[in-house]
Amino acid sequence: MASGERARYWQYSELPGVDLLHAHYIHKAFARHTHESFVFAAITEGVEAFHYRDELVHAGPGQIALVNPDTPHTGHAGVPEGWTYRTIYPDAGLVRSIAEDTLALRGSVGFTSPVVDDPYAARLVVGVHRAAEEGNALAADSLLRLVTARMLRSHGGLITPLAARSAGARNAARARAVLEERMADPPTLERLATDLGTSPFALLRAFREAYGMPPHTWLTDARVRRARRLLDAGTPPADAAVAVGFTDQPHLNRHFTRSVGVPPGAYQRARSARGAAGGTAGGGARTYKTGQRSRT
C-alpha cells in the first residue's frame with residue numbers, strides 16, 4: 001500500500017442506518033463485492049473506476065457513484081493520482097421509507113445508473129458528512145433525505161420483479177442457501193453440484209448469472225458481510241474470523257480491507273465509538289492510513 005492513502009469509516013449516532021466513509025486511495029483495489037445497503041459515493045478529487053455488473057464505468061469530481069444493495073461491483077483508481085470520495089451507505093429500509101414519503105413509491109426501489117453527473121447532489125453528499133462531523137443532526141438528516149429523494153426522482157424508481165426462475169436459477173439459489181448454512185465448512189463445487197443434481201460447470205454458470213460472481217467469490221463476500229455483523233455486536237476480530245470460516249485474523253483482515261476499505265479493527269473501533277460524546281460527532285472514530293498496514 002502506498003503512503004498517503006487514508007480512510008475513515010464511521011457512524012454518526014443521529015443518523016441510524018447510515019454508515020459513512022471518507023477516503024483517499026491511490027493503489028487501493030476493491031475486490032468484487034456487494035453491500036447490504038445502498039451506496040452514494042461523491043467523488044471530490046481524481047477518478048474512481050469500477051466494474052458494475054459487467055460494465056466498467058468511471059466517476060470523477062461532481063459525480064456520484066450509485067450502487068444498489070446486493071449488486072456486485074469493484075473499485076480502483078481511474079487516474080494515477082487516485083481518487084478521493086465521501087460515501088454514505090443508507091440501509092435499504094431507510095431508502096424505501098424516503099421513497100414512500102417523498103415520491104409515494106411503495107415496494108422495492110433502486111437506481112438505474114451507476115454514475116450520475118450531478119454536482120449539486122454531490123455537494124449534498126459532502127454536506128451530510130460535514131454536518132455529521134460538526135454534530136449537526138438536523139442538517140445531516142435533512143441533507144440525506146434531500147439527496148436520496150433527488151436521486152430517486154432523477155435516476156431511480158421501483159425495481160421490476162424478476163421473471164420466473166429457471167431450473168439453473170433455482171439451483172443457484174439452493175447452492176447459496178447451502179453456502180450460507182455451511183459458511184465455515186463449505187462443500188466442494190463437485191459435492192455441491194452433485195447434491196443439487198447438476199454438473200459443476202452448469203452450477204458455476206447458473207450461480208454467476210444469478211449473483212454476478214462464482215460461488216467461491218460470493219462466499220468470501222458473504223463471510224465479510226457476516227463478519228461485519230459480528231464486529232458490530234462486539235465480537236473480537238480474531239473470533240469473528242474463525243466464526244465465518246477464515247483461517248485466522250490476518251486472513252479476515254486481507255479480505256475485509258479489500259471489500260470495506262479499512263481493516264476490521266479500525267472498523268469496529270469506529271462503530272463502537274459512534275455514540276460517544278465529544279467535540280467531533282465521530283465520537284473518536286479514527287482515520288486509518290493504509291500505508292501503515294494495520295493488523296488490528
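## Exercise 1: Strands side by side

Let's start with a pair of strands: β3 and β8 (residues 73–77) run antiparallel and are joined by 3 bridges. Before going on, note that this is a predicted model, where local features need pLDDT of at least 70, side-chain atom pairs count only at pLDDT 80 or more, and totals for chains, interfaces and linings use all residues. Residues are numbered from 1 along each chain as its sequence is written, and side-chain values use heavy atoms, with hydrogens and water left out.

**Solution.** 
- Step 1: Strands (E, at least two residues) and helices (H or I, at least four) are DSSP runs numbered from the N terminus, and two strands pair if DSSP finds at least two bridges between them.

## Exercise 2: Salt bridges

**Task.** How many salt bridges does the structure hold? Work through some of them.

**Solution.** 
- Step 1: The total is 11, counting a side-chain nitrogen of Lys or Arg within 4 Å of a carboxyl oxygen of Asp or Glu.
- Step 2: Take Arg 150 and Asp 118, whose side chains meet at 2.8 Å, N to O. Arg 150 sits in helix α3 (residues 137–155) and Asp 118 in the loop between β11 (115–117) and α2 (119–134), so this pair ties together parts 32 residues apart in sequence.
- Step 3: Ask how open the two are to the outside. Buried means under 20% relative accessible area, exposed over 50%, and partly exposed in between (1.4 Å probe, protein chains only). Asp 118 is buried at 10%, while Arg 150 is partly exposed at 30%.
- Step 4: Now try Glu 180 and Arg 176, with their closest N and O atoms 3.4 Å apart. They are 4 residues apart in helix α4 (residues 167–181), so about one helical turn separates them.
- Step 5: Arg 106 is exposed at 59%, and Glu 100 is partly exposed at 40%.
- Step 6: Finish with a network of salt bridges that links Glu 36, Asp 70, Arg 225 and Arg 229.

## Exercise 3: Into the core

**Task.** Which residues touch the most other members of the largest nonpolar core? Then follow Ala 227 in helix α7.

**Solution.** 
- Step 1: A nonpolar core is a set of buried Ala, Val, Leu, Ile, Met, Phe, Trp, Tyr and Cys residues joined through side-chain atoms within 4.5 Å.
- Step 2: The largest one has 46 residues, and Leu 21, Tyr 25, Tyr 85 and Trp 218 touch the most other members. Helix α7 (residues 215–232) gives the largest share, 6 residues.
- Step 3: A second, separate core has 33 residues, including Trp 10 and Val 125.
- Step 4: Ala 227 lies in helix α7 and is buried at 0% relative accessibility.
- Step 5: Leaving out residues up to four places away in sequence, Ala 227 touches Val 244 and Leu 252, where contact means heavy atoms within 4.5 Å.
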